[in-house]
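Here are my comments on the two-chain model you asked me to look over. Please read them with the structure open beside you.

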Amino acid sequence: MQKYIIRRLLLAIPTIVGAITLVWFAMQLAPGDPALMFVPPDYQGEDAAAYLEKINEKYGFNDPLPLQYARYMRNTLGFDFGTSLRTMRPVSEDLVRRVPNSVRLGVAAFLLAAAMGISLGVLAAIKRGTWVDSALMVFALVGVSMPSFWFAYVLILLFGLYIPILPPSGLGGVKHMILPTIVLGYGSAGSLTRYVRSSMLEVINQDFVRTARSKGVSERNVLIKHALRNGLLPVVNVLGINLAFILAGSIIVESVFAWPGVGLYLFDGVQGRDFPVVQGACLLIAASVVLVNLLTDVMLVLVDPRIRFE
Amino acid sequence: MAYVAPEDSYKQKIAQLEADELLRISGTKRAWLEFRRNRFALVGTAFIIFIAFMGAFAPIVSTHDPYKQSLRKRMKPPTTEHWMGTDELGRDVYSRLVYGARISLFVGIVGTTVGVICGTIVGLISGFFGGWVDTLVMRVIDIMYAFPGIVLAILIISVLGPSLINLIIVLAIYAIPTLSRIVRGNVLSLKEQDYVQAAQALGAGRLRIMYLHLLPNTMAPIIVYATLGVAFAILTTAALGFLGLGVQPPQAEWGNMLSNGRQYLRKAPLLMIFPGALISMTVISINLIGDALRDALDPYIQS
């Protein structure tokens with residue numbers, strides 16, 4: 001088991017290096033000079049030319065590509081994403097300041113999604129074929145299919161303007177977190193509900209469940225001790241994927257609710273054509289996803305003894 | 001030899017014929033029969049056909065020029081003349097939604113199709129050849145998975161700049177990792193099957209085996225994920241429109257209409273409600289079709 005975890009840990013390193021390489025490649029795709037992406041959009045004519053010189057000198061865009069690549073890799077691994085074009089502050093400092101806000105929202109949304117997804121999915125599987133099942137599946141499908149920012153604005157309209165009981169945006173106490181958490185959580189809860197249901201249905205039809213029933217085990221115990229344990233194992237994997245999508249979804253949700261996390265930072269970077277900010281935030285999200293996947297795999301080993309022996 | 005009454009042997013023959021007939025329709029036709037039994041899927045299909053029809057015949061179906069501004073009639077509620085009201089520049093919302101259907105469906109379908117084709121080829125090669133090719137491809141896909149959902153799209157478009165073509169490229173790139181993983185997984189188990197081994201033993205070339213034996217047998221999941229991919233592509237297009245990285249105004253597209261509407265949330269909430277509801281309904285419909293296709297095509301889920 002230790003060997004597996006170590007191997008998995010070592011595999012994460014090339015993935016992160018690869019992600020950085022991917023971003024570097026993307027930069028090379030820029031039409032014209034990649035250095036142009038580092039010039040603030042409000043610099044024109046002479047100013048821009050002079051600034052371009054400085055950029056070329058600082059980032060070495062005139063150097064041979066392998067050298068540029070090596071420098072980029074070194075800087076990024078050293079958590080140096082350059083400075084924001086609009087504020088001239090180091091991107092990494094901004095990110096560090098915003099991470100706690102994003103984590104707070106992300107964890108809340110994840111817990112909501114997991115609680116809703118697992119309980120509703122199990123319920124739908126138990127009541128399969130009934131109206132409860134259909135209603136839950138429609139509920140889940142709507143969650144998967146709505147554009148999150150639209151849902152967010154509908155909620156703001158309802159609970160921020162028409163029945164003003166919740167603050168429509170900003171950072172604050174628990175009340176400020178309710179709407180963003182619901183929006184971020186519901187989308188994930190939808191896909192999770194669908195997955196949990198089908199995973200449970202697969203298990204319910206298996207021989208060991210039938211055996212348990214025929215032994216005379218009560219329906220309650222069949223469910224909790226036999227079906228649920230096995231049905232939820234694959235769900236651990238999907239929970240990890242869900243967390244990754246919550247990270248991605250937070251870009252939109254944080255922007256709508258003006259929640260000062262990494263997502264809003266990325267959104268502002270996109271709006272202001274601030275490329276160092278965009279790449280820094282994207283890389284941070286990518287690194288978090290790799291980390292989440294790593295944790296998921298370790299979790300899987302811990303909960304599923306079958307993997308340990310492979 | 002036992003005596004068989006002529007009548008009985010006749011009945012036997014009929015039964016045999018019927019069984020043959022059933023065997024013959026099992027493939028595509030049985031899947032279609034299965035699909036048709038799913039009422040949700042039929043509603044979804046009808047809705048998508050309706051939207052596609054609206055988009056295709058936009059000049060006839062629309063009531064106004066979608067780009068004609070009228071500053072005197074800004075943000076009016078729905079009337080008999082403007083069925084869904086007018087937007088912040090006095091343009092007819094209904095007509096803009098009709099024209100927007102063209103872009104949203106087109107971009108979603110084309111982007112996903114390109115991605116599905118590339119992903120399938122990558123998956124086939126990776127699964128069939130194995131070895132270092134497979135390892136390399138899977139590593140690259142792992143890396144792409146590190147940029148979930150819209151993140152990769154944001155990154156690429158903020159470098160390339162927003163345009164219709166770039167949007168399609170991004171949607172295609174998004175579909176590649178999922179598709180190649182699915183196809184590869186299928187190919188890995190298929191290539192151990194007897195008929196593939198037999199074809200190999202008979203001297204069939206690699207391309208021939210991939211095209212004639214592996215591809216047709218992995219078509220079912222490809223179709224299912226392609227359908228679900230279109231739904232995701234439409235959502236991604238809308239989200240990119242919201243970020244200002246999608247289809248650029250004044251071009252009518254559901255995502256950027258929704259994004260425009262949010263600025264007038266207080267004064268004219270319908271500007272945002274209509275496009276959002278349309279996107280949701282379209283995506284729900286496509287998801288219903290995808291789910292039904294999965295049930296119809298996947299022999300393991302059939303009960």
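Predicted model: local features only at pLDDT ≥ 70, side-chain atom pairs only at ≥ 80, totals over all residues.

1. Residues are numbered from 1 along each chain as its sequence is written, and chains are lettered from A, with ligands numbered from 1, in the order in which they are written.

2. Chain A contains 13 helices and zero strands, where helices (H or I, at least four residues) and strands (E, at least two) are DSSP runs numbered from the N terminus. The C-alpha trace of chain A spans about 85 × 55 × 30 Å along its principal axes. Of its 310 residues, 40% count as buried, a residue being buried if 20 or more other C-beta atoms lie within 10 Å of its own, exposed if 12 or fewer, and partly exposed in between, with C-beta atoms placed from the backbone. Among the contacts in chain A with a separation of 6 or more, 71% join residues 24 or more positions apart; two residues are in contact if their C-beta atoms, placed from the backbone, lie within 7 Å.

3. Helix H4 (residues 91-126) and helix H12 (residues 275-303) of chain A pack at an angle of about 50°, with their axes 10 Å apart. Here axes are lines fitted to C-alpha atoms, for helices over the stretch in contact, and angles run from 0 to 180 degrees between N-to-C directions. H4(A) and H12(A) are therefore oblique to each other, given that angles under 35 degrees count as roughly parallel, over 145 as roughly antiparallel, 65 to 115 as roughly perpendicular and the rest as oblique. The crossing of H4(A) and H12(A) is right-handed, a term used if the near helix is turned clockwise from the far one by less than a right angle, and left-handed if anticlockwise. On the H4(A) side the contact involves Val91(A), Ser92(A) and Leu95(A), which meet Pro276(A), Val277(A), Gly280(A), Ala281(A) and Leu284(A) of H12(A). By class, these residues are six nonpolar, two polar and no charged, where Ala, Val, Leu, Ile, Met, Phe, Trp, Tyr, Cys and Pro count as nonpolar, Asp, Glu, Lys and Arg as charged, and the others, Gly among them, as polar.

4. Ser199(A), Met200(A), Val203(A) and Ile204(A) of H7(A) make the contact with Ala227(A), Asn230(A) and Gly231(A) of H9(A), a set with four nonpolar, three polar and no charged residues.

5. Which loop of chain A holds Gly78(A)? Gly78(A) lies between helix H3 (65-77) and H4 of chain A, and it counts as exposed because it has 9 C-beta neighbours inside 10 Å. Its C-alpha atom is separated by 46 Å from that of Leu161(A), 83 residues apart along the chain.

6. In chain B, helix H11 (residues 219-243) has 25 residues and reaches 35 Å from its first C-alpha to its last, close to the 36 Å expected at 1.5 Å a residue; the expected span is 1.5 Å times one less than the number of residues. Because 21 of the 25 residues of H11(B) are buried, this helix is largely enclosed by the rest of the structure. Gly244(B), whose phi is positive, near 80°, follows H11(B).

7. The axes of H6(B) and helix H8 (residues 164-190) of chain B come within 9 Å and cross at roughly 135°, and the two helices are therefore oblique to each other. H6(B) passes H8(B) in a left-handed crossing. Val137(B), Ile141(B), Met144(B) and Tyr145(B) of H6(B) meet Pro177(B), Ser180(B) and Arg181(B) of H8(B), giving five nonpolar, one polar and one charged residues.

8. Between the chains, 36 residues of chain B are in contact with 40 residues of chain A. Helix H6 (131-145), helix H7 (150-160), H11 and helix H13 (270-297) of chain B each supply at least two residues of the side that touches chain A, and H7(B) gives the most, with eight residues. That side of chain B has 25 nonpolar, seven polar and four charged residues.
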